[in-house]
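Trainee: I would like to learn how to read the features of a structure such as this one. Please start wherever you like.

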Amino acid sequence: MADVAVATHAPAEHAGDDGHGHGASTGISNTKLAMWLFLGSECLLFGGLISTYLLYKNRIAEGSIGPKDVFDIPFTSASSFVLLMSSLTMVLALSAIQRGDERANRVWLLTTAVLGSIFIGGQIYEFTGFYREGLGYTTNIFGSAFYTLTGFHGVHVSIGIIMLMSLFVRSYRGHLHQAQAETVEIIGLYWHFVDVVWIVIFTIVYLIP
Amino acid sequence: MSTVSETHDVSPAASGDAHAGAHDHPSDLKYVKIAIILAVLTAAEVSTYTFDITGGLLVAILIPMMIVKFAIVAGYFMHLKFDSKMFTTMFVAGLTFAVSVYCVLLTIFEFW
Amino acid sequence: MAIIEQPLAIGTGRAPEVRSPLGVFARPTAKGGWRSWVTTVDHKKIGIMYGAAGLVFFLVGGIEALLIRIQLARPDGSLLSAETYNQIYTMHGVTMIFLVAMPLGAAFSNYFIPLQVGARDVAFPRLNAFSFWCFLVGGLFLSSSWIFGGGADGGWFAYAPNTGVAYSPGHGMDFYALGLQITGIASLVGAINLITTVLNMRTKGMSLMRMPVLTWMLLVTQFLLLFAIPVITVALFLLTFDRRFGANFFRVEAGADPLLWQHLFWIFGHPEVYVLVLPAFGIVSEIIPTFSRKPIFGYSFMVGSGIAIGFMGWGVWAHHMFVSGIGPLSVTAFSLSTMFIAVPTGVKILNWLATMWGGRLRFEVPMLYAIAVPAMFTIGGLSGVTHSVSPADTQQTDTYYIVAHFHYVVFGGIIMAFYGGFYFWWPKIFGYKLDSKLGKVNFWLQLIGMNMTFGPMHILGLQGMSRRIDHYSPGFGFEFWNLIVSIGAFIIALSVASFLVNVVLSTVRYKRGLIPPAGPDPWDARSLEWMTASPVPEHNFDEEIEVRGLDEFWHRKYGYDKDHKVVRIATGEEVAHKGDNKNVHLPSPSYWPLVVALGLPLIGYGLIFNLLLTIPGAILLLGGVYGWVMEPPDDPNKAHGHDDHDDPSPGLALASVGAEEVGNG
């Protein structure tokens, strides 16, 4: 037993060459597997919210404010595009840290967070506009379902932004290196998933009336 | 079989290299190309709005494009195409459960 | 050794800094006393706490059951007002399912999955502790509704619109929605953790098809939780938004369809039934081979039928709704799927019987329970099949026949199996056997009591007695059987008391040296958890075990002579590890899981009483997550060798903790 405190541990090359410890029997990362399991589970969360929305969107009383009255497709298309591009910058951040380019990693992390924030800003702007046009959370069943679905997505994006900024700060202080690339990758998975959910919401909620 | 008390002397750098070399990811240029494809698809989606397509035709155009975009992001940006099949299995399991269960739900409500 | 993960908390990648995380807490070091429990990340201690908490809630739910039975023992019972009665039966159901059966299943999962796959601990020890604390604070939050104006009163499945503010003006349903939300986080995080453990932390040679049936059933259970919990999460959020913020999801006058709740609830609720029962099936599948001295009959069919149940459990939810007006086509489809799901369960029962067939049976207490389970579960299963026939179900819905059915499943199947599990693994967990004579008293009282309680309910139901009525008038022919049922309930109470007496007496006797230590392998068992000292040392196994086949431990004890007869080649004591390896690196304990979990009920109270309260809750939650992430998974001050574990990255911690609950605040 070595009495040396080792902070960062053995790499993968030792696979199978000794009986030590209890490593991954599949050879894949625990944390990444856990994140994928979580994302699989999230599918059922958003599926439930989307189904609720689909079921309720047309059940409003005659003359009550509905999707056709409030949606601004060009505006939402722009913010959807911003979120989609944030997936590109996210994957570039990961690619940078994987080859050890910490500066590029920081730039792309920050860009991703900024793009995410623009999306959230757009959503706040959109919600305020809808509210002014008379669609509150309790106004009718469409309002409740719409705000709940998009609100849940917005909260997910916001959590993603917080995580990205935390990574950025860690990196800025010199605590995020190539060895921690997997941390970036896993937060990236979450980020891409949130983007993918928006791809679905944008089509099903906004584009298909 | 060695005992649990054994240890290895490793440097952080070794660990980083091992990770970077673990799988073949696309180059940055390829990521940009993929993003352009996604952008074009999005533009095509939005154009249905300006061309005033409606009803079943609209759904028939939009849903496949949505699925393609979904698959591209999951496959390339999320690396499912290059990573262990285990990840794909877990994610697709959740996705399949979600789609099938909620489709049955909407069918019972006579949504379609 | 396949991969040794780098620690994924964002470390510096350099020599460790010696500091306390965020300067708030010193890394906890207590080895004994309450501190060692509060900060533990050891899957065994967490399992024991799950079990203890489950048993305490079992007593709470039991007292509620007794109140119901006192009320209904005679016609025109007047112990409880109708209003209180609604709360009592609702909380009885909610407590027994979410705060008893689920945590007891989690207790067995936590304690035995790592042991049975030969791992040092679960994949994410701190997340595991978080799961437990989350469950505990959620359960206490839910139960605290009794202090704050009364429990939930909408029935355990809480059908809309009865649960809206208009029909349930108290805070009970708010506690229900938020409390189950919190325990749901516990289940979801636990599921992710345990699936990762099973898939990724198995010891050398432990292929999936060499895992014990218990581990297999628990794995399927965790998958069911993983995919079912988010559905109830959606339903509970919608209910909370309706009640607290005036949303319209279940307000019929706003165009809502209250059936949406029923669907969402049962899409979760039916897999949930298998979440409860599969651990029980797993426990029975461990006990029967051990006491029959035979390997399990049809191992692959046992595993396959468990997986089949897991899949089919998703396709039968609407059989709970045959009288809700879902249309003839839906009723037909779900009738058929319900009939089919009886098949894999039948396979299991057949295999248990075939395992016992020709075996040398030893009727020890665990075996008695394990034999009772198939018998009682078959009764519950058969009455379940009668429900799949929708015309019959239309008659039976909301009568005591249904109550009889699911109590045979839940009590006769699940609780009996858990008792068997307690008696079976007690020596492994605590180092001594529970008293066998008292155990048999416990068993027979239990068996007689439960049949007296739930058997006559079939008759009452077919006579037309509705469930959930707070009193009945004399003259309907309900008097006699109701009295029998109530007497039966008190016999069950006596049986539970005898279990507690057994625990206390056996512990005292063991401490005084009157009963000998059980040794590593008191039952001549088959799976890996018996291959280490009892009680299991903190590091589980002294060295990694290499597995060559199913029932590895048994095959190390038995071989064949030249006539191809089975002969013992070693005793369990000889094969088992001594548990004295002091050089195994263990994950360091942590305060943060508890801190994060404590934020959740505060947010809950805030949503119910005063939104200002959510602020300290959110601070605890977010601050806790940050403290957690910044804390290195291992104490930098502690000298150690390899780290076998990775702890969650901030991504996972934030996403799994945050995504579910920050949306709440």
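Mentor: We can start with a cavity in chain C. Helices α3 (82-116), α4 (125-143), α5 (172-200), α6 and α7 (259-292) of chain C each supply at least two residues of the lining of the second largest cavity. Keep in mind throughout that this is a predicted model.

Trainee: How many residues line the second largest cavity, and which lie nearest its centre?

Mentor: The lining has 30 residues, and M102(C), A106(C), A186(C), S187(C) and L225(C) lie nearest the centre. The space inside comes to about 310 Å³. In the whole structure, a search finds 10 cavities of 30 Å³ or more.

Trainee: What is the volume of the second largest pocket?

Mentor: A pocket is open, whereas a probe placed in a cavity cannot get out. Here the second largest pocket has a volume of about 830 Å³. It is lined by 28 residues, and the closest to its centre are I50(A), V200(A), I204(A), M66(B) and V99(B). By element, α1 and α6 (181-207) of chain A and α3 (55-77) and α4 (85-108) of chain B each give at least two residues to this lining.

Trainee: Which residues touch the most other members of the largest nonpolar core?

Mentor: The general idea is that in soluble globular proteins, nonpolar side chains tend to be buried together. In this model the largest nonpolar core has 311 residues, and F71(A), F130(C), Y176(C) and W261(C) touch the most other members. Helix α6 (residues 213-245) of chain C gives the largest share of this core, with 22 residues. From chain B, domain 1 (25-81) and domain 2 (83-112) each contribute at least three residues to this core.

Trainee: What share of the residues is buried in chain A, and what share in chain B?

Mentor: In chain A, 70% of the 209 residues count as buried. In chain B, buried residues make up 43% of 112. As for secondary structure, chain A has six helices and zero strands, while chain B has four helices and zero strands.

Trainee: How far apart should the end C-alpha atoms of helix α1 of chain A be?

Mentor: The idea is to multiply 1.5 Å by one less than the number of residues. Helix α1 (residues 30-56) of chain A has 27 residues, so it should span 39 Å, and its end C-alpha atoms are 40 Å apart, which agrees. The helix is also mostly covered, as 27 of its 27 residues are buried.

Trainee: Where is S41(A) placed, and is S41(A) buried or exposed?

Mentor: S41(A) belongs to helix α1 of chain A. With a relative accessible area of 1%, S41(A) is buried, the cut-off being under 20%. Between S41(A) and E133(A) there are 36 Å in space, C-alpha to C-alpha, and they are 92 residues apart in sequence.

Trainee: What can be said of α4(C) and of S285(C)?

Mentor: The 19 residues of α4(C) reach 27 Å from first C-alpha to last, close to the 27 Å expected at 1.5 Å a residue. Of these 19 residues, 17 are buried. S285(C) sits in helix α7 of chain C and is buried, with a relative accessible area of 3%. Its side chain reaches the backbone oxygen of F281(C) at 2.7 Å.

Trainee: Which residues does a cis peptide bond join in chain C?

Mentor: Look at the omega angle. One cis bond joins A160(C) and P161(C), with omega about 0 degrees, and P161(C) lies in the loop between α4 and α5. Another joins S534(C) and P535(C), with omega about -15 degrees. P535(C) lies in the loop between α14 (479-511) and α15 (552-557).

Trainee: What is phi of D551(C), and what is phi of H564(C)?

Mentor: Phi of D551(C) is near 55 degrees, a positive value in a residue other than glycine. D551(C) is in the loop between α14 and α15 of chain C and is buried, with a relative accessible area of 17%. H564(C), also not a glycine, has a positive phi of about 65 degrees. H564(C) lies in the loop between β1 (558-560) and β2 (566-568) and is exposed, at 63% relative accessible area.

Conventions: Residues are numbered from 1 along each chain as its sequence is written. Chains are lettered from A and ligands numbered from 1 in the order in which they are written. This is a predicted model: local features need pLDDT of at least 70, side-chain atom pairs count only at pLDDT 80 or more; totals for chains, interfaces and linings use all residues. Side-chain values use heavy atoms; hydrogens and water are left out. A nonpolar core is a set of buried Ala, Val, Leu, Ile, Met, Phe, Trp, Tyr and Cys residues joined through side-chain atoms within 4.5 Å. Buried means under 20% relative accessible area, exposed over 50%, partly exposed in between (1.4 Å probe, protein chains only). Domain bounds come from an automatic or database domain assignment. On a 1 Å grid over the protein atoms alone, a cavity is a set of points where a 1.4 Å probe fits but cannot get out, and a pocket is an open set with protein on both sides within 12 Å along at least five of seven lines; lining residues have an atom within 4 Å of a point. Grid points are joined across faces, edges and corners, and a volume is the space filled by probe spheres set on the points. A polar contact is a pair of N or O atoms within 3.5 Å; within protein, one must be able to donate a hydrogen and the other to accept it, and residues adjacent in sequence count only if both atoms are side-chain atoms.
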